[in-house]
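The following explanation is intended to be read alongside the sequence and the three-dimensional structure. Please keep both in view while reading.

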Amino acid sequence: ANLKESELKELEIEERCLRLSNPHLLPDEDDVLYHFGLTKHSTDLPVVFGDVRFVCTGGSVGRLACVAQEIATSLGITDGSDRRNLCNSDRYCMYKVGPALCVNHGMGVPSLSIMLIEVIKLLHHARCKNVTFFRIGTSGGLGLEPGTVVVSNAAVNCELKPIHVQYVLGQRTERPATLDQKLVQELLEIGSTLPFPVATGATMCADDFYEGQGRLDGAFCEYSMEDKFKYIQTLFDAGVRNIEMESVCFASMMTRADVRGAIVCATIVNRFDGDQVAIDKATIKQFETRPMDLVIAYIKRHWKKP
Ligand code: R2B
Ligand code: URA
């Protein structure tokens with residue numbers, strides 16, 4: 001009864017649920033999470049997923065399997081859950097390792113959007129609370145040494161606006177893409193103790209890898225090298241430090257679901273030096289583990305073994 005305001009605030013945060021906003025979803029009816037091959041009634045979701053506090057996502061199936069294994073090792077989880085794919089479909093993979101759900105999202109906004117909607121519904125049905133999402137990805141850097149990890153402090157579309165544009169019933173719909181700045185600061189603080197460069201800046205979300213990111217090496221190109229460099233310099237001057245293909249949708253969906261989310265990507269090329277990702281496989285793999293190490297360090301700091 002005599003809780004201080006700050007303590008009340010803490011409690012409020014602890015009780016933060018995933019917000020669904022859809023009057024057509026009826027609480028007693030089953031719900032098919034088609035792309036995971038799961039339904040609300042086919043699995044006891046609160047039992048299987050109720051203790052999820054962290055969602056790790058990223059493009060590829062292999063990387064997310066690796067994230068699951070690293071989390072198991074780091075948290076001392078030895079029940080084999082890091083090798084059990086819970087997805088009954090080959091669209092995505094899904095591992096539930098202690099407090100972490102690891103799911104891949106494929107490439108680009110449409111694939112990410114489908115996955116996030118189904119995960120948000122899954123965790124809502126499972127009555128999870130106080131969940132934090134991380135996109136652990138790769139990106140093209142602007143003026144950064146390849147291998148640098150960027151913690152996004154903003155996600156912007158190709159018009160450099162922090163807005164995700166989606167067409168709904170034929171109407172252009174804009175949704176704010178905001179990121180939790182406290183989470184950004186904490187990740188940067190943890191990052192400063194790790195043995196690789198960690199930077200921050202805006203992340204631009206493109207709908208394509210080639211012309212959509214101003215590359216000169218696609219199958220088609222109608223601009224000059226000079227146009228490209230002028231363009232990426234404009235992006236740099238506006239604060240953009242890396243380019244990828246999911247950030248605005250990720251950020252806007254976190255905002256809509258009222259959950260914290262962070263975007264942590266390794267850069268695998270400096271776009272001022274070239275367009276082709278020409279580094280060897282082993283180096284890419286090494287770079288890809290960096291954002292994963294940073295996010296796992298965050299999870300370790302925030303998870304108390306039950
Ligand atoms: C980064 O890497 C992928 C393209 O190679 C895409 O998913 C992204 O955002
Ligand atoms: N992913 C992208 O979307 N762009 C890059 O340049 C590298 C990875």
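The structure is a predicted model, in which local features need pLDDT of at least 70 and side-chain atom pairs count only at pLDDT 80 or more, whereas totals for chains, interfaces and linings use all residues. Residues are numbered from 1 along each chain as its sequence is written, chains are lettered from A and ligands numbered from 1 in the order in which they are written, and side-chain values use heavy atoms, with hydrogens and water left out.

Ligand 2 is surrounded by T138, S139, G140, F209, Q213, R215, I243, E244, M245, I268 and V269, a residue being near a molecule if one of its heavy atoms lies within 4 Å of it. This shell comprises 5 nonpolar, 4 polar and 2 charged residues; Ala, Val, Leu, Ile, Met, Phe, Trp, Tyr, Cys and Pro count as nonpolar, Asp, Glu, Lys and Arg as charged, and the others, Gly among them, as polar.

An oxygen atom of ligand 2 lies 2.6 Å from a side-chain N or O atom of R215. A polar side-chain atom of Q213 is 2.8 Å from a nitrogen atom of ligand 2, and a backbone N or O atom of G140 is 3.4 Å from an oxygen atom of ligand 2. The protein buries 93% of the 240 Å² that ligand 2 exposes when taken alone, the areas coming from the Shrake-Rupley method with a 1.4 Å probe. Two or more residues of the shell come from each of β6 (132–141), β11 (240–244) and β12 (260–270), and the largest share, 3 residues, belongs to β6. Strands here are DSSP runs of E of at least two residues, and helices are runs of H or I of at least four, numbered from the N terminus.

The whole structure holds 4 aromatic pairs, that is, rings of Phe, Tyr or Trp (its six-membered ring) with centres within 6.5 Å, edge-to-face if the planes are over 60 degrees apart, stacked if under 30 and tilted otherwise. F36 and Y92 are edge-to-face, because their ring centres lie 5.8 Å apart with the planes at 70 degrees. F36 counts as buried at 0% relative accessibility, where buried means under 20% relative accessible area (1.4 Å probe, protein chains only). F134 and Y298 are also an edge-to-face pair, 5.4 Å centre to centre with 65 degrees between the planes. This pair links strand β6 to helix α8 (residues 281–302) across 164 residues.

Finally, R215 lies over the face of F209, at 3.8 Å from the ring centre; the criterion is CZ of Arg or NZ of Lys within 6 Å of the ring centre and within 35 degrees of the ring normal.

Definitions and conventions:
A polar contact is a pair of N or O atoms within 3.5 Å; within protein, one must be able to donate a hydrogen and the other to accept it, and residues adjacent in sequence count only if both atoms are side-chain atoms. Buried means under 20% relative accessible area, exposed over 50%, partly exposed in between (1.4 Å probe, protein chains only).
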